[in-house]
Amino acid sequence: MYALDGIRVLDLSRGWAGPLCASLLGSMGAEVIKVESSTEMDFGRLITQGTKMGKLASVNQNPIFNVMNVNKSSITINLDKGSDLIRELITRCDIVVENFVPGHAEAFGLSYEQVSRLNPKTIMVSFTCSGQSGPEANTRGYAPTFAALGGLSEMTGYPDGPPSQITPWADIISAFAAFLATAAAINQRDITGQGQHIDCAGREIMSCFIGDSLVNYAMNGTVESRCGNRDDVMAPCNCYPCKGDDEWVSLAVADDAEWKALCRVMKRPDWTKDAKFSGQLSRWQNQDEMDKLIATWTVKYTPAEIMKMLQKAGVAAVPSFNFDDLACDAHILERDASEVIDHPEMGPYFRLNLPWKTSATKTVPTRRAPLLGEHTGHILKEVLGKSEAEIAELTSQGVLK
Amino acid sequence: MSSNKVSMPNLKSNQAKALSGVKVLELAEWIAAPYCSRLLADLGAEVIKIEKPGQGDETRNRGPFPGGVPHPEKSGLFIYLNTNKLGVTLDVKTATGQKIFLDLVRQADILVEDNPPRLMKRLGLTFNKLKSLNPRLIMTSITPFGQTGPYKDYKAYPVNTFHSSGEGYFTPSRTEFAGRPPVNLGKNAAEYPVGIIAAGITNIALRHARKTGAGEHIDVSKQEALLFLNLAHFSTYLNKGVLPKRGDRGYNITRIYPCKDGHVLFYYHQKREWQAMLDIIGNPDWGKEEALANQTIAEERAAEVIPLISAGIKNRTKAELFKEGRAKGCSLVPCSTVADLMRSEHLKERKFFAETEHPDAGKLRLASAPYSLSQSPFGFDRAAPRLGEHNREIYVNRLGYSSRDLVTLRQAGVI
C-alpha cells in the first residue's frame, strides 16, 4: 500500500511549482490527472529559457517538463468550452491544484467557494506569487519574481555587488511547501472529513527563509543585506580558491577548537597564537587578512583533498561542487540519487530521485510524464463513465482540445 | 494501542488544527531540523524540544539580539525557530538522561533529530532500538549528507550546506561575476527549505503510520534536498549535458535593473508581458521593431536592449514600477529589503507576520508559515521556551518524577 492510496488529484496548474506539487503527491500513491490544453499550452512544456538546451523538437520532449510531471495522466480540455467537464471531474477528486491569477477561476466556476459547494471534502491548493488576498494579489510572477519580492535576492550576492537573480530553485521549493500543506490537510481531513483551501504565495515562502534577518529589523530596525559567504559570528566563513580552474571550497569555523584543528592541518600552529586570529572575535574582525592567508594554503590542493583532510580533523569544509563533480561523486552514487526513465519520444532520460529515503512509506515505481492529452479518452471513460458517443460529442464541440 | 485513534488536546484557540494531537520530540539544534519541527508545531502538533543542560541550542548564542547585546533568552534566531514549542533540558549522553529520553520516545509520534549518525549509534539511539520501544515512531533524521555513504558524518554549517548542492557554483549568475568566488544564498537561507522538505515527507509518513500502525526512519540529506531544488538545471545537465557556471547563465534581458531607490526584477515568458514592459517605459521607438517581440531574438540582442530598458527604469521608484507592472500585466517587481517587507501593506493585510510576546525579548512580529490553511489557522500560542522552561511540566506532570527527583537531576547535570 501507498500512503496516499485512494486520493485523486486534479492538477489544473501550469509552469513548475503547481505541477511538481501534484507530481509529488502522485509519487506517494495519489492518482493524478493533469488537465492541459493544446490551445493554451502549459508553458512548462515550452520553457527552455536560461538553460541553453536549444530548441525543442516537440512539446513532449522538454526534459524539465518530463521530470516535473512524472506519475500523472494527461487529459486535454479547453478551459473556455470545458469548464463544466472540469467541474464534473472535481466531483470525483479529493484535491485540486491550481495557479490561476486570483479571481480568474471564478469565471469558470472553479474558485474555492464554487468548488467546495460541488464537493465540500475538496482540498484546494491555490498557488500564486502574492497569494489570494491583499492589494498586490494581482502580481504576475515566476520563480525569480518570488525571490526578488520575497527579499531573498536582496540578501544574496557580494556586499559590493547588486542583488542576485535566483534560479528555478524558488519554484521547486514552493512545490514542496504546497506538498507539505496538502499532506497536512489530508491528515486533518482523515479525522474531520472536511476539505479546505490552501493559499500558497511564492514570495511569502521566500520571506520565511530570511526570517532571522526580518527579526533583526523587528528588534533593532537593522536592515541586513548581502554578505557574500560571510557570517555574523563565524570566521573563517567563506569560499576559497583551490587547485584547478574555477575550483572552490567552502570552509566555516565556529569556535576556537575548530580553528586550532584547521591551523594544525594547514601546518600553521603560529596562527592560533597570533592575537589577530586567536579568538573568535579577532578572527572575525581581521577576516580580510586571514582569508588571504588561508587562500595561500587552499590553492595548493583540490577541493576534494581539502574536504577529506579537514573533515577528518572535524572542520566543516565542503567543495562548492559543480554538476560534473556531483554526477560522479562517490557519495552521491552510493546514495543512489538518480534513476533512468524511458520515454517514447525522448528515449531514456535521467531524473533525480526524491530527496528522502523512507524505511516504510513506499514511492510508486516512476511512470514517465504523459504526452499531451495521452489519457484523454481513458480518463473520460474510467473516471467519468462517458460513452464513446459522448466522447465523440465532446470532441466535435472542441471541448477536448 | 489503536493505530487510528487520535486524541484532540485542549487548545487555547478553540479550533483544532491539522496536526492537533500529534506529539513531536525534537533532539536537534541550529536551523534545518528545528525549522522542520516548528512547521509541525504551527500546524498544531505538540513539540517538545530537548536542549543540552546549561548550554542549550547553539542558536541561543547567535543574534540578532535586542540592542545587539547577547543574551541566551533573547536570540531572534532562536525565537524565530522555536516559538510554539515546549522546551526541556536533558543530557542524553548520561545513562539517566538516556532513560528519560527513551520514556519520551515511548510517548511520541515523531522524533526529529539532526545528530551525526555515528553519534546516535554510539549513544545506542538507533532507529531499531527506538522502534523496539515504540513501533509507531516516525524518526526524521536531517543531516548534511544523510545516514549512509562516505560523507555521512561530515560537518556542515549553513554556508557549506548551500555549496554542497551545486547551486553555489553558479551563484551569482551574472556575466561580470565570472571570476569571483561562488556565494551563499542569503545568510542561512539554504537551511530552511530542508526543514520544509523533511516536514512534508514526515506528514506523509504520519498518514502511513495511522493506516498501517508502522513507523519508520526518514533519512533526509541536506545535500540531496538542495540538489533536488535544482531539478530544472540538473535535469538539463543530465539529459542535455549543459553545465551551468557562474556568469554564463542565459538570463539577459530578464534581470535585475537598478532604479531610483533600489533594484527591480523584470522577468517574462510571454509576448504580452514584453509589450506591457514596453508600455511601462513609454513605448519607445526601438520597441516597435517587430522582431524584438520574439523572446529569443530579444535575448540575442540583449547587449543592445538592456541599456534601453535601463534608461526607462532608472529614474523611477520600486513602488511606482511595481504598481504599474501589476496594472499592465508584467512581472516587474521590487527586490524587497527587509524593511520593505516589514512595512508591506500587502503582507499586513494577509497577516503574514504574527506577533509573539516573549517574556525576555518582548513583543516581536515574526514571519508566520509558508502557506495558510483555511481550517488550520496560524497562531503563536506559545512563546519560544526559556532553557528548561517545561522541565517540571514534562518530567513531573507527564513522566511522574517527583519534585525532589527534579532537584537531583538538575544537580547531577542530567537536566
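**Salt bridges within and between two chains**

Over all chains, the count of salt bridges comes to 52, where a salt bridge is a side-chain nitrogen of Lys or Arg within 4 Å of a carboxyl oxygen of Asp or Glu. Side chains of opposite charge can pair when their charged atoms come close. Before we walk through some of these pairs, please keep in mind that this is a predicted model, in which local features need pLDDT of at least 70, side-chain atom pairs count only at pLDDT 80 or more, and totals for chains, interfaces and linings use all residues. Residues are numbered from 1 along each chain as its sequence is written, chains are lettered from A and ligands numbered from 1 in the order in which they are written, and side-chain values use heavy atoms, with hydrogens and water left out.

Let us start with chain A. Its C-alpha trace spans about 85 × 50 × 45 Å along the principal axes, and the chain holds 16 helices and 12 strands; these are DSSP runs numbered from the N terminus, with helices (H or I) of at least four residues and strands (E) of at least two. Of its 401 residues, 64% count as buried, meaning under 20% relative accessible area, whereas exposed means over 50% and partly exposed lies in between (1.4 Å probe, protein chains only). Chain A carries 38 positive and 49 negative side chains, and the centres of the two sets lie 3 Å apart. Here Lys and Arg count as positive and Asp and Glu as negative, while His and the chain ends are not counted; each charge is placed at NZ of Lys, CZ of Arg, CG of Asp or CD of Glu.

One salt bridge inside this chain joins A:Arg189 to A:Asp94, at 2.8 Å from N to O. A:Arg189 sits in helix H6 (residues 169–192) and A:Asp94 in the loop between helix H3 (79–90) and strand E4 (95–98), so the pair ties together parts that are 95 residues apart in sequence. A:Arg189 counts as buried at 10% relative accessibility, and A:Asp94 does too, at 15%.

Now turn to where the chains meet. The size of an interface is often given as the accessible area lost when the parts come together. Chain A and chain B bury about 13,800 Å² between them, 64% of it on carbon and sulfur atoms; this buried area uses a 1.4 Å probe and is summed over both parts. On the chain A side, A:Tyr158, A:Gln165 and A:Phe323 lose the most area to chain B, together 7% of what that side buries. The contact (heavy atoms within 4.5 Å) takes 146 residues from chain A and 161 residues from chain B.

Across this interface there are 12 salt bridges. Among them, A:Asp190 meets B:Arg207 at 2.8 Å, N to O. B:Arg350 also pairs with A:Glu204, their closest N and O atoms being 2.7 Å apart. This pair crosses from the loop between helix H15 (345–349) and strand E10 (353–358) of chain B to helix H7 (residues 202–208) of chain A. Both B:Arg350 and A:Glu204 are buried.

B:Arg398 bridges to B:Glu46, with closest N and O atoms 2.7 Å apart. Since B:Arg398 lies in helix H16 (residues 391–398) and B:Glu46 in strand E2, the pair ties together parts that are 352 residues apart in sequence. B:Arg398 is partly exposed at 28% relative accessibility, as is B:Glu46 at 24%. Elsewhere, B:Asp279, B:Arg316, B:Glu320, B:Glu324 and B:Lys328 are linked in a network of salt bridges.

How values were computed
Buried area is the accessible area (1.4 Å probe) that two parts lose on being put together, summed over both.
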